[in-house]
Amino acid sequence: MWSWSSLLWPLVVNTDPEMMTLSAGLASLRGQFQTNFPILFARSLVASLPVVALFVVLQRHLIAGIAFTGSKG
C-alpha cells in the first residue's frame, strides 16, 4: 500500500515530465510507446485484400497460361 502511495501522489501532483520521480515517469511513458496490435492486424488485412482479390479474379488466366505453355504442339 505504501508503494502505491509513493507512485500515485507524484503522478497526481506533478504534471511536468522533467520533474517527475522515476516511478511516476516510467508509469506515464508506459502507454505512449506500445504497439496497438489489433489496428496493425486490421491494416495488414486491408493491405492484402486487393492482392488476394486480384489473384482470385486472374487465377483462371494464370492457370490457362501455365497449361498452354506445357502443351505439345
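What is the accessible surface of the protein chain, and what share of it belongs to carbon and sulfur atoms? The accessible surface (Shrake-Rupley method, 1.4 Å probe) comes to about 6,900 Å², with 71% belonging to carbon and sulfur atoms.

## Model and confidence

This is a predicted model, in which local features need pLDDT of at least 70, side-chain atom pairs count only at pLDDT 80 or more, and totals for chains, interfaces and linings use all residues. Residues are numbered from 1 along each chain as its sequence is written, and side-chain values use heavy atoms, leaving out hydrogens and water.

The mean pLDDT (the predictor's confidence in each residue, from 0 to 100) of the protein chain is 80, and 82% of its residues reach 70 or more. Confidence is lowest in helix 1 (residues 2-13), at a mean of 69, and highest in helix 3, at 90. Where pLDDT is low, the predicted coordinates should not be read in detail.

## Fold and burial

The protein chain has 3 helices and 0 strands (DSSP runs of H or I, at least four residues, and of E, at least two, numbered from the N terminus). Of its 73 residues, 7% count as buried (under 20% relative accessible area, 1.4 Å probe, protein chains only).

Val56 lies in helix 3 (residues 37-69). Val56 counts as exposed (over 50%) because its relative accessibility is 52%.
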